[in-house]
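Please consult the sequence and the coordinates below while reading.

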Amino acid sequence: MGNFALEGFKYLYKSEEAYEVLLDLEDWFSNKGRVPFHDYFDNTTVSTLILNNLDAHAAFVGGDPVISQYDICYAMLDTMFIREHTRSKEAKLIIEYGASNDYIQKHFLNILAELKPESEYIKENDDRKSDMVVLNGVGECTDPEVAVKNAYEVLKDGGVLFAMCIGQTPLKQEIERAFPNEKKYLLAPDCVIWKVRK
């Protein structure tokens, strides 16, 4: 099991097997689009954005202890999402599959409002190819096999799929079956995040 941490200006994932820099705020020019991070954060910081998201999330779930105990998972997923959106200034189409709740969507819409308000976030698909796909495993997914299949099929080449699952659910099992060799981040005994690049 790993841990999500902030050390200096670096957001890290650390475990016995891995040490990965998820986002380095001082390394402005290493991102693909050569877009300095400071271009995005004139009025806010990454830490403030993440903490505001967690505050909003606590209000949204009504202090549900079952959901709120995974704050660190949401904070890490938010950080990975932010990193992906600082790779270029182009608007993105993000499509979400999986559980019908809005837990992950609310987080990502708050981030997009700051970073890329022109981007579009939709549930399910309208036959367009997507820059990014989200598999929401925070709750019940009625047809995990179809959700995972559709999510990967609509992803553009070079696009990224993010997934987060809480608990030993059929969706988690299907993601593990579909992407057995992709990196996963275990943050709690029953919370896993995946990042899959097509």
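The model described here is predicted. Among the elements that cover the buried residues of α5 are the strands β4 (93–98), β6 (130–137) and β7 (155–166), together with helix α6 (170–178).

Helix α5 spans residues 144–154, and its buried residues are Pro144, Ala147, Val148, Ala151 and Val154. Viewed down the axis of α5, these residues fall within an arc of 145°, so they line one face of the helix.

## Helix α6

In α6, the buried residues are Leu171, Lys172, Glu174 and Ile175. Their arc around the axis is only 165°, which puts them on the same side of α6. The exposed residues Pro170 and Arg177 are carried by the face of α6 that is turned away from its buried side.

The buried residues of α6 pack against α5 and against the strands β6, β7 and β9 (191–197). Strands β6 and β7 also contribute to the cover of the buried residues of α5.

## The six-stranded sheet

The strands β4, β6, β7 and β9 belong to an open sheet of six strands, with the order β5-β4-β6-β7-β9-β8 and mixed pairing. At the edges stand β5 (120–123) and β8 (184–188); each has a single partner strand, so one side of each is left without a neighbour in the sheet. On average, and with direction ignored, neighbouring strands of this sheet are turned by 15° against each other.

Within the sheet, β4 and β6 run parallel and are joined by five bridges. Glu96 has Val134 in β6 as its bridge partner.

Is Ile122 buried or exposed? The cut-off for a buried residue is a relative accessible area under 20%; Ile122 has a relative accessibility of 17% and therefore counts as buried.

Which residues does Ile122 touch, if those up to four places away in sequence are not counted? The contacts are Leu93, Ile94, Ile95, Glu96 and Arg128. Of these, Ile94 lies 28 residues from Ile122 along the chain, while the C-alpha atoms of the two residues are separated by 6.4 Å. Glu96, another of the residues that Ile122 touches, is the bridge partner of Val134 in β6.

Note on methods
Residues are numbered from 1 along each chain as its sequence is written. This is a predicted model: local features need pLDDT of at least 70, side-chain atom pairs count only at pLDDT 80 or more; totals for chains, interfaces and linings use all residues. Side-chain values use heavy atoms; hydrogens and water are left out. Buried means under 20% relative accessible area, exposed over 50%, partly exposed in between (1.4 Å probe, protein chains only). Helices (H or I, at least four residues) and strands (E, at least two) are DSSP runs, numbered from the N terminus. The arc is that of the directions from the helix axis to the C-beta atoms. Contact means heavy atoms within 4.5 Å. Two strands pair if DSSP finds at least two bridges between them. Axes are lines fitted to C-alpha atoms, for helices over the stretch in contact, and angles run from 0 to 180 degrees between N-to-C directions.
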